[in-house]
Amino acid sequence: MKIGVAFQSALEALISNPLRSFLTMLGIMIGVASVMAMMAISEGAAKQVDAQIAQLGASNLTIFPGASRGGPRSGGGASDQPFTESDVDKIKQEPFVTAVAARISGSVMVVSGEDNWSTSLQGTNTDYFLTQSLSTREGRLFDTREVSSGAAVAVIGKTVADALFEGTNPVGQTIRVNNVPAEIIGVLVTRGQSSGPGGDRDDIVIVPISTARNRILGGNATVARYVGSMEVGIADGYDMTTAQEQLETRMREIRRISPGGTDDFRVFNIADFVRARSSTQATFGVLLAFTAAVSLIVGGVGVMNIMLVSVTERTREIGLRMAIGARGIDILGQFLAEALALCLLGGLIGSALGVGAAKLAAKVGEFPVEISPRIAIIAIGASALIGLFFGFFPARQAARLNPIEALRHE
Amino acid sequence: MAAEATPLISCRDLTKVYRMGTQDVFALRGVNVDFIEGEMTAIMGPSGSGKSTLMNLIGALDVPTSGELLIKGRPLSKLSRDELADLRNETIGFVFQQFNLLNRATALANVKLPLMYARTPVPDPVARARECLEMVGLGERMDHRPMQLSGGQQQRVAIARALAGRPSILLADEPTGALDTKTSEEIMDLLTGLSSEGITVVLVTHEPEVAAYASRQIHFRDGQIERDERRAS
């Protein structure tokens, strides 16, 4: 019997008992719908993490002073030997390093006329614009000459611009940063909110590192050419783990740490940190998808159950089909086609429901979902496999019936 | 004459034993009988005499405990399950007392069914099914489902289904058992007509009026042939 004919007769059989067919499909529908929704949520989370990492700079390593103590900190403790500009120059000579942003950060009060605003200050060099991929929407960024001369210039984020210069162009205006006057030369292109470290990434004032060190922040300025931390850009395609190891080796040389001695610095991959933190979220999603897959299997057991009932009910029909010339394989194909049709139909409806559920979750729960055709293909394919797997046993049972006993069955 | 015609079906020492608990029950005890092409035979006898068992063996639905059955000279004991299915599809048509139609399918779809299982595809199964339904006088009711038809009409659909594959043997097990006298006569006229067209008809019945349509009557008792009579014609 041709496959098309087998499916046609399978659909006729399913339509002849619509309520039962629907109830049998329900298990598969719910299973596929939940797998779809969970995968969409999990993939959405993964995509969000990727976007975050890209924002932070996927190919950056950050070097902090101080021994390994968990999370990143922007300043070294009293006992730690701080970094200096000469460390920055040495690291920059490594062949796999594309940029080294020397950084000093702190909290400052900025004042313009009557308005004041509390924000974070970043003192840095021009390499910072490379590692953070910064550009201005108005004005310009500062240059190396301004960095070396310690010019009183500042580049501000959109949040600061809005707070101090609502509606007017801040470029060319002078602000007081912790009472130190600085000319605004540029406003950054907005970078938006980050759920990673930093929060509002537009709430920032960037000045040349020498300006921050010598005029604004003070404190550690007792150390000549002091640098708080270094953000190191790694060449495209270079292995990050290798880069991390090489930086560690180089830093031990620079800081003359004897073999076996304790490092007084940490080379830190921010992307790894974000990934590790977010992987819990992704793992949770995968776990939920597995749970949903279990419900899909339970749905399959339901299909098997009903197919067995159907084989028993239609024993006479099977006997008749055999009497008029159906081979065992024809009967097997007929019942497999029925199980497959049930599961495929359930899978299709379930996918539609799953997309709906994911979209609803995205709207209500305000978290990102990613509905890819790949997930739908996997979900529908899985339900087809379940149909074949759980349909096989009842179908084989039907195919093995003795024609004469089947015909006599009441 | 009978001696000149080649036997289409040949039974050689057919024995069938069923096991009922610890006891062996002999349904057939060494039956030897030939059926000749184009002949119409009625098999009669009380229930349990072995007539239905013989029918099932001839129809390749069951296998004998011992003995051999030859159809067109082919010994059935040499055939696999699938080859037996093909033989039933190509050579044998069945008509049952309870019609055994698929209730969810139309008359046309029921008649078409055996053609769906044919190993050599039938060029136009729908046309063949129509032809067969017209042959049994149901050309007007092809799209009716079995439940919308009378008992006699349902049996006609079953006969049309049996004819669809152009069988050389038509086996009818109590074909009029569920029908009234007038309808029974119509069905028997139909079967007699088919026989005269060259189809070998074997029917099982316990009604002498039905058996009277056949040119040969075989009486069974206790798994053996008691009488084998041909009507002079």
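**Entry 1: a helix pair in chain B**

How do α5(B) and α6(B) run, roughly parallel to each other or roughly antiparallel? I found them roughly parallel, a label for angles under 35 degrees, where over 145 is roughly antiparallel, 65 to 115 roughly perpendicular and the rest oblique. This is a predicted model, so I keep in mind that local features need pLDDT of at least 70 and side-chain atom pairs count only at pLDDT 80 or more, while totals for chains, interfaces and linings use all residues. Residues are numbered from 1 along each chain as its sequence is written, and chains are lettered from A and ligands numbered from 1 in the order in which they are written.

Helix α5 of chain B covers residues 151-164 and helix α6 of chain B covers 181-196; their angle is about 15° and their axes are 10 Å apart. The axes are lines fitted to C-alpha atoms, for helices over the stretch in contact, and angles run from 0 to 180 degrees between N-to-C directions. Helices (H or I, at least four residues) and strands (E, at least two) are DSSP runs, numbered from the N terminus. I noted a right-handed crossing of α5(B) past α6(B), meaning the near helix is turned clockwise from the far one by less than a right angle (left-handed if anticlockwise).

On the α5(B) side I listed B:Gly151, B:Gly152, B:Gln155 and B:Ile159, and they meet B:Thr183, B:Glu186, B:Ile187 and B:Leu190 in α6(B). Contact here takes C-beta atoms, placed from the backbone, within 7 Å. By class, this helix contact has 3 nonpolar, 4 polar and 1 charged residues. Ala, Val, Leu, Ile, Met, Phe, Trp, Tyr, Cys and Pro are the nonpolar ones, Asp, Glu, Lys and Arg the charged ones, and the others, Gly among them, are polar.

**Entry 2: the two chains**

I checked chain A and got 13 helices and 12 strands. Its radius of gyration is 33 Å, well over the 22 Å of the globule rule for 410 residues, so chain A is more spread out than a compact globule. The radius is taken over C-alpha atoms, and the rule is 2.2 Å times the number of residues to the power 0.38. The C-alpha box for chain A is roughly 105 × 60 × 30 Å along the principal axes.

Chain B has 7 helices and 10 strands. With a radius of gyration of 18 Å, close to the 17 Å that the rule gives for 233 residues, chain B is as compact as a globular protein of that length. The box for its C-alpha atoms is roughly 50 × 45 × 40 Å along the principal axes.

**Entry 3: where the chains touch**

Chain A puts 17 residues into the contact and chain B puts in 17 residues. α10(A) gives the most to the chain A side, with 5 residues. That side has 9 nonpolar, 3 polar and 5 charged residues.

So how enclosed is α10(A)? I see 7 of its 9 residues buried, so α10(A) is largely enclosed by the rest of the structure. Buried means 20 or more other C-beta atoms within 10 Å of a residue's own, exposed means 12 or fewer, and partly exposed is in between, with C-beta atoms placed from the backbone. Among the buried ones are A:Glu317, A:Leu320 and A:Arg321. The buried residues of α10(A) pack against α11, α12 and α13 of chain A, and also against α2 and β6 of chain B.

**Entry 4: positive phi**

Most residues other than glycine have a negative phi. I flagged A:Asn178, with phi near 45°, in the loop between β7 and β8 of chain A. It is partly exposed, with 17 C-beta neighbours inside 10 Å. B:Glu174 has phi near 50° and lies in the loop between β7 and α6 of chain B. B:Glu174 is buried, with 20 other C-beta atoms within 10 Å.

**Entry 5: B:Thr15**

B:Thr15 lies in strand β1 of chain B. Its C-alpha atom is 8.9 Å from that of B:Glu68, 53 residues apart along the chain. I count B:Thr15 as partly exposed, with 15 C-beta neighbours inside 10 Å. Its contacts beyond four places in sequence include B:Leu28, B:Gly30 and B:Pro64.

Conventions: Contact = placed C-beta atoms within 7 Å.
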